[in-house]
Amino acid sequence: MTRTLNPMRPAAGVPRPYRFPPFSRRLLANGLNLWTIPVAGSALVNVHLLVDAGAAAEDEPHGGIAALTAQLLVTGTQRLDASAFAEATERLGIEVSSESSWDSARAAFQSLPQYLDQGLALLAEMLREPRFDPGEFERLKAERLADILQARAEPGRLADETFLQRVYAADTPYRRLSAGSPETVETLSRADVIGFHALHYRPGLAHVVVAGSFDGDAVTASVERHLGSWDGTGPGHRTIAPHHAGLRRLVIVDRPGSVQSEIRVGHIGIDRYDPRYFPAIVMSTVLGGTSQSRLHRRLREELGYTYSVHTGFDARRSAGIFTAATAVQTGVTAPAIGELVSLLEGAREAPFEDLEMSEARSFQVGVFPLRFESTGGIAAAIEPIAIYGLAEDFWQTYRDKLEAVTSVDAHNAAIELIRPDELLILAVGDARVIRGDVEALGIAPVEVVPAP
Amino acid sequence: MPRIAIDRHTLPNGLRVILSRDNRAPIVAVNLWYDVGSRHEKPGKTGFAHLFEHLMFDGSAHVAKGEHAAQVQATGGTYNGSTWLDRTNYYETLPSHELELALWLESDRLASLLPAMTQEKLDIERNVVKEERRWRIDNQPYGTWDEKLQELLFPQAHPYHHPTIGSMEDLDAASLDDVREFFAAYYAPNNAVLTIAGDFDPAPALEMIEKHFGSIAANPAIPQGPPTAIEPIIGAEVRREVPDQVPLPRIYAAYRMPIFGTDGFNALEVATDLLGSGRASRLYRALVREQQVAQDVTTFAFPVIGGAAIFTIWATARPGVSHGALETALWAQVDRLTSDGPTDDELERIHNLHAAAVESSLERISERADRLSMYACLFDEPERINTEVSRYEEVDAGRVREAMAASLRPDNRVVLTYVPAESAESADSAEGAA
């Protein structure tokens, strides 16, 4: 599918340079890192407060404690009950969020600049003096358990969750969702939340990111005033060593009556520090990152099997997953799986073509300013630098590093990072209809399991 | 609140052009709204406007299949299109020095889609759209909710009765003749709005627009869509219970309401926020936090203009709570707000939330361009983008009460309740699995 240059295509004008906005970082006396990023022309300000209190900071018997603690923070402070706290923040036009991932917990808000100080005051009160009301604890715990049920009713989310369970070995925490499994969430107590908060919600390993429209001196004074006397340092996170669960296998999660099969193919990928990070991005873009990608062209444009197909790496502090994901009509489940597996394997066979390499690189390089169009996008861009301790010039050098990825680099990344003999092939669909064809592919041993 | 710049032009062929310059970042958004949506479809042709939108990405006289996406993405740009009840839109956001690329791609398909159209392209896109339908609707828990609400809110003859995605049977029936006829009828410069927002120089941009779009002929006889006039009130409550593969019951309630762009719509939009925006909203506070009968609650007003718009509320029952108990609690809150109206504190709360939300949306030039196209296409008044906040804040407690009393009546509502099917087997046989 080599494309030729179209002589009708209008010539490009002269590119205008773009730079990620400069930012500054200072360390407060209590260990809190303050990052400030003025954004010219912004009419908003975003505050993201990051604490090393994600799921990597919990232990397995308490899986889900980090997520539940984060969610409970917005239900009030010692001074303000849940209702009063919601009213106090929303009256400023602020919706405070508080959530966690594997690698951190984040409390955040966006506001008009005139409410920044009041917003920071409420955010600090929420983090330092949470209410952890017993009724709210029981309510949110029950909601979390029901959310898990609801998510499993959606075939796409069921496929994502089951893929994790099946791709990682029993000793790897990443085999469950960061928000916990029903079995562990069920056992959590309010005392667990209070203990987790007291231990981990400390400024020593924390970061506060302020981006948008603000007066630099005023914001520093405001952060000092509301968070300067917060003290202590938490123990941080454990080290997770991912192990894969087995060799190449095919799992059908039986969901009778499904008119589509949700398919995931992949295995363990890379961590955030992997030296092949940039080649991996380009390789994945060529395979399944754009409309010109190999998987999209084949499965959607040529075969009409799917509305959407993509590949991606989830790079965490330790190795997350690499997957190709799609949903296809039940009747073409087997050929779609065959295509996906052979396209992934094929990426290792021959160096990537120059055109697809240049398209993938220029997409990733060119799309760069679009990612930072919003104030919230700019604040979020600081997060990986803060959480993973990446170089502060990470975004300044990002495009050069992408540009430097050669066809050989991308091919080597495919050879090293796609491992055909470790592939987990998963389909959530109607086993009665798809099992025979899938077994007939003969590409992996097939196991059928019921949907939970 | 900074004002969005608006510079309007009209080409001799009727193409309306809106330029909105903002050169903070070196990116530009190109956005086209065509005044055709699923409400313009003929009987037996449901889903066609959306299928047609897919075909618009499959090449034209000078652009190969797949080339539109390839050219845009190779610059680091993004693109897409979407179809809804009233309209179809197409858009690209890309580095500003590639503005002319987007204008060329958009103009080439408007000028010359048909010479490049083939049966094979139609057949492949038909399959892609059927997969989209299965993915969004048929294979999702609660996935049929909006098509069922539309079907129950609007009578058979009304063009909102059928869903934008269409039925599998009608998609199967779509032919190349339909493609030709639809293109000839609706895809003309005088049935479109072109907006450019972001980093560009107005004079060269206008020259580019004239160069690429200026020679495309107008259609002097754009067909009027089917009539949309409808009674403002249904007249009797409509209730349906839907067994589905869902773990928890969920209620979808919907009412006919005044169309988008009217004072009545604005007043009820404020009511949706009083009821459902934020954790201090009436429904979240009462149903989710205090009474704990709901797992979640959402309110939304569909911004459409075909005779009536749609006011919706949905709420998922907490485990162990009957949908009947949830419904009773829901009506109590709606009735209370209707009779008492909001307090000043509540109005202040939603005004500030709304102002911040508008500011946040308009940060992105793609969203700015889309709203400018929307206001120009639906009302011929792009300037409305600058009065979104003031029109919202003009709604006082009296207008909320009055608008709620007029529309949120039991005899004007559809109540659709999803309940867990007794077992996967029974759901399976009910659907007649193939």
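This is a predicted model: local features need pLDDT of at least 70, side-chain atom pairs count only at pLDDT 80 or more; totals for chains, interfaces and linings use all residues.
Q: Let's start with chain A. At what angle do helix 9 and helix 12 of chain A cross?
A: Roughly 115°, and the axes come within 9 Å. Helix 9 of chain A is residues 277-288, and helix 12 of chain A is residues 354-366.

Q: Parallel or perpendicular, then?
A: Helix 9 and helix 12 of chain A are roughly perpendicular, because angles of 65 to 115 degrees count that way. The crossing of helix 9 and helix 12 of chain A is right-handed.

Q: Which residues meet there?
A: From helix 9 of chain A you have Ile281(A), Val282(A), Thr285(A) and Val286(A). Among those they meet in helix 12 of chain A are Met357(A), Ala360(A) and Phe363(A). By class, that contact has 6 nonpolar, 2 polar and 2 charged residues.

Q: Switching to chain B: how do helix 3 and helix 8 of chain B pack?
A: Their axes are 9 Å apart, at an angle of about 25°. That makes helix 3 of chain B roughly parallel to helix 8 of chain B. The crossing is right-handed.

Q: And what makes the contact?
A: Helix 3 of chain B brings Leu99(B), Glu100(B), Leu103(B), Trp104(B) and Ser107(B). Helix 8 of chain B answers with Ala205(B), Met208(B), Ile209(B), His212(B) and Phe213(B). These residues divide into 7 nonpolar, 2 polar and 1 charged.

Q: How many residues does each chain put into the A–B contact?
A: Chain B gives 67 residues and chain A gives 64 residues. On the chain B side, the elements giving two or more residues include helix 3 (99-112), helix 4 (119-138) and strand 5 (88-95). That side has 26 nonpolar, 20 polar and 21 charged residues.

Q: What about the largest nonpolar core, how many residues is it?
A: It has 265 residues, and those with the most contacts inside it are Leu49(A), Leu123(A), Leu340(A) and Ala271(B). Helix 13 (residues 365-379) of chain B gives the most to this core, with 8 residues.

Q: What does Ala271(B) touch?
A: Leu337(B), Val400(B), Ala403(B) and Met404(B), leaving out residues up to four places away in sequence.

Q: Last one, Gln291(B). Where does it sit?
A: In the loop between helix 10 and strand 9 (294-302) of chain B. Gln291(B) is partly exposed, because 16 other C-beta atoms lie within 10 Å, and buried would take 20 or more.

Q: What does Gln291(B) contact?
A: Ala286(B) and Ala329(B), leaving aside neighbours within four places in sequence. The C-alpha atoms of Gln291(B) and Leu326(B) are separated by 9.5 Å, though the two are 35 residues apart along the chain.

Conventions
Residues are numbered from 1 along each chain as its sequence is written. Chains are lettered from A and ligands numbered from 1 in the order in which they are written. Axes are lines fitted to C-alpha atoms, for helices over the stretch in contact, and angles run from 0 to 180 degrees between N-to-C directions. Helices (H or I, at least four residues) and strands (E, at least two) are DSSP runs, numbered from the N terminus. Angles under 35 degrees count as roughly parallel, over 145 as roughly antiparallel, 65 to 115 as roughly perpendicular and the rest as oblique. A crossing is left-handed if the near helix is turned anticlockwise from the far one by less than a right angle, and right-handed if clockwise. Two residues are in contact if their C-beta atoms, placed from the backbone, lie within 7 Å. Ala, Val, Leu, Ile, Met, Phe, Trp, Tyr, Cys and Pro count as nonpolar, Asp, Glu, Lys and Arg as charged, and the others, Gly among them, as polar. A nonpolar core is a set of buried Ala, Val, Leu, Ile, Met, Phe, Trp, Tyr and Cys residues joined through C-beta atoms within 7 Å. A residue is buried if 20 or more other C-beta atoms lie within 10 Å of its own, exposed if 12 or fewer, and partly exposed in between; C-beta atoms are placed from the backbone.
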